[in-house]
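I opened this notebook to keep track of what I looked up. The entries follow the order in which I checked things.

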Amino acid sequence: MEYTEVVQNFVLDHTIGLSVAVSVGVVLWGIRRYVKGPRYYGKRRIDGKTVIITGGNTGIGKETAIDLAKRGAKVIIACRDITRGNNAVDDIKRLSGSTNVSVIQLDLASLKSVRKFTEEIHKTEKRLDILINNAGVMACPYMKTEDGLEMQFGVNHIGHFLLTNLLLDLIKKAAPSRIVNVSSLAHVFTGQLNFDDIAKREKYYNAEEAYTQSKLCNILFTNELASRLSGTGVTTYSLHPGAIDTELGRHWRSKQRLIREPIYFIYSLFTKTPYEGALTNIYCAVDESLDKETGKYYSDCAEKAPSKPALDEGAAKKLWELSEKLVGL
C-alpha cells in the first residue's frame, strides 16, 4: 500500500469517527434542550406581597425564593433545619438583592411543628398572597412521621394539607391569592389511591409506589381545594417541575449506586438544573394568564392533562375527608 493511500485511509477513518461524534453530540444536545423545557420570561412584579415556600432552603424551592424575592415579594422559607435555613436566607438575599427574606422552622413530619409554624405566621403576618407547597421526600426507606403516618404520605400530603388549611384565613384575606402544590409526573405511574392502607402502609411497603401515590394526592388535594375555594378569589395549581437532580432524590440515588449505577448515570445526563425546575413554580405563582385559572395541572410552564385517577372527584373528596380525620380538623 502506497504512502498516499495510507494517509487517505487514515483521514477517512478519522473523518467518519468525527462525523459520528458530532452526530451523537447534536442528538444529545437536542434531547438536553427538550428536557430543559421552555424558559419563562414573565416580568410581573409582586411588590408588597407575602410568599411562603416550604423547602425553600434548597433545590427548586431555593431558586423559586430567589426569583420571587427579585420580584419584590416578602419571602418566608419554611424548612426543618434552621441552620441550613439561615444559610439559605443569606444566599437568597445576596443573589436576589432583597433583604426581605426570612426563615421559620417547619417539620412537615410533625403536625405539632406545622401548628407551631402557623401560629408564628399569624403573629407576624396579616395576609398571605402566595403559598408554595414545595417540600417533599422521595422513595425513602419505610419510616413513620412523629404522628405515626407513613413518611411520604405524611410529609408530601398530610403536612401540607394541615399547613394550607391553617393558613387559609390569611390567604383569603389576600385574595386574589394563590396556592401552588408541587406534584410530579410520577403520579401517572400509579392507579387509584389505596385507601385501605394509604396512611400507614403497614401491610405492604414499596418506596416508589408510596411516592407516586403521594404525588397523586397532591393533585387530588389541589382539585378539591379549588372546588371548596370557588368564589373566594383564591386559586390553586398543581405541577410537575421536571426531572431534577436535587436532594429530593437522595434515597433513590443511594439505590442506584448499589444496583443500577449505569442507569442513574444516563438519567443524570437528562435532568434539569434546580433553576430550570423552578420555572413552572414561578409561572404558577405569578403569571398573569393564570389569574382566572384554578384547579389545573402544569408542566414546562403550560397546562397539561394529568392521569385519569387524578381527575377522580370522588377520590378527591374521600382523600379530603380522610385527611381531615388524620389531622384533627
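**Entry 1: a pocket**

I am working with a predicted model. I began with the second largest pocket, which has a volume of about 280 Å³. I found 15 residues in its lining. Arg 44, Pro 176, Ser 177, Arg 178 and Asp 291 are the ones nearest the centre of this pocket. I then asked which elements give two or more residues to the lining. They are strand 5 and helix 9 (274-286).

**Entry 2: Pro 176**

I located Pro 176 in the loop between helix 5 and strand 5. The peptide bond that joins Ala 175 and Pro 176 is cis, with omega at about 5 degrees. I noted this because most peptide bonds are trans.

**Entry 3: two positive phi values**

Next I looked at phi. Most residues other than glycine have a negative phi. Asp 300 is not a glycine, yet its phi is positive, about 50 degrees. Cys 301 also has a positive phi, near 60 degrees. I placed Asp 300 in the loop between strand 7 (296-299) and strand 8 (302-304). Cys 301 is in the loop between strand 7 and strand 8 as well.

Are they buried or exposed? Buried means under 20% relative accessibility. Cys 301 has 14%, so I count Cys 301 as buried. Asp 300 has 24%, so Asp 300 counts as partly exposed.

**Entry 4: the whole protein**

I stepped back for some totals. I read off ten helices and eight strands. The protein has 329 residues, and 50% of them count as buried. I also checked contacts between residues at least 6 apart in sequence. Of these, 78% join residues at least 24 apart.

**Entry 5: Tyr 142**

I wanted one example of residues that are apart in sequence, and I took Tyr 142. Tyr 142 sits in the loop between strand 4 (130-133) and helix 5. Which residues does Tyr 142 touch, leaving out those up to four places away in sequence? I listed Glu 150, Lys 200, Arg 201, Glu 202 and Tyr 205. Ala 207 is 65 residues from Tyr 142 in sequence, but their C-alpha atoms are 7.1 Å apart in space. Tyr 142 has 34% relative accessibility, so I put it down as partly exposed.

**Entry 6: the cavity**

How many cavities of 30 Å³ or more does the structure hold? I found one. The largest cavity holds about 60 Å³ of space. Its lining is made by Asn 133, Ala 135, Asn 156, His 157, His 160, Asn 181, Val 182, Lys 215, Asn 218 and Phe 221. Helix 5, strand 5 (177-182) and helix 6 (207-228) each give two or more residues to this lining. By class I got six polar, three nonpolar and one charged.

**Entry 7: helix 4**

I checked the length of helix 4 (residues 111-124) first. Its 14 residues should span 20 Å at 1.5 Å a residue, and the end C-alpha atoms are 20 Å apart, which agrees. Then I listed its buried residues: Leu 111, Ser 113, Val 114, Phe 117, Thr 118 and Ile 121. They cover an arc of only 155 degrees around the axis, so they lie on the same side of helix 4. An α-helix has 3.6 residues a turn, so residues three or four places apart point the same way.

What do the buried residues of helix 4 pack against? I noted strand 1 (50-54), strand 2 (74-79), strand 3 (101-105), helix 5 (151-173) and helix 10 (313-327). The face turned away from the buried side of helix 4 carries exposed Lys 112, Lys 116 and Lys 123.

**Entry 8: helix 3**

I repeated the check on helix 3 (residues 82-96). Its 15 residues reach 20 Å from first C-alpha to last, close to the 21 Å expected at 1.5 Å a residue. Gly 85, Ala 88, Val 89, Ile 92 and Ser 96 are buried in helix 3. Their arc is only 110 degrees around the axis, which puts them on the same side of helix 3. The cover over these buried residues includes helix 2 (59-70), strand 2 and strand 3. On the other side of helix 3, I found Thr 83 and Arg 94 exposed.

Definitions and conventions. Residues are numbered from 1 along each chain as its sequence is written. This is a predicted model: local features need pLDDT of at least 70, side-chain atom pairs count only at pLDDT 80 or more; totals for chains, interfaces and linings use all residues. Side-chain values use heavy atoms; hydrogens and water are left out. Helices (H or I, at least four residues) and strands (E, at least two) are DSSP runs, numbered from the N terminus. The expected span of a helix is 1.5 Å times one less than its number of residues. Buried means under 20% relative accessible area, exposed over 50%, partly exposed in between (1.4 Å probe, protein chains only). The arc is that of the directions from the helix axis to the C-beta atoms. Contact means heavy atoms within 4.5 Å. On a 1 Å grid over the protein atoms alone, a cavity is a set of points where a 1.4 Å probe fits but cannot get out, and a pocket is an open set with protein on both sides within 12 Å along at least five of seven lines; lining residues have an atom within 4 Å of a point. Grid points are joined across faces, edges and corners, and a volume is the space filled by probe spheres set on the points. Ala, Val, Leu, Ile, Met, Phe, Trp, Tyr, Cys and Pro count as nonpolar, Asp, Glu, Lys and Arg as charged, and the others, Gly among them, as polar.
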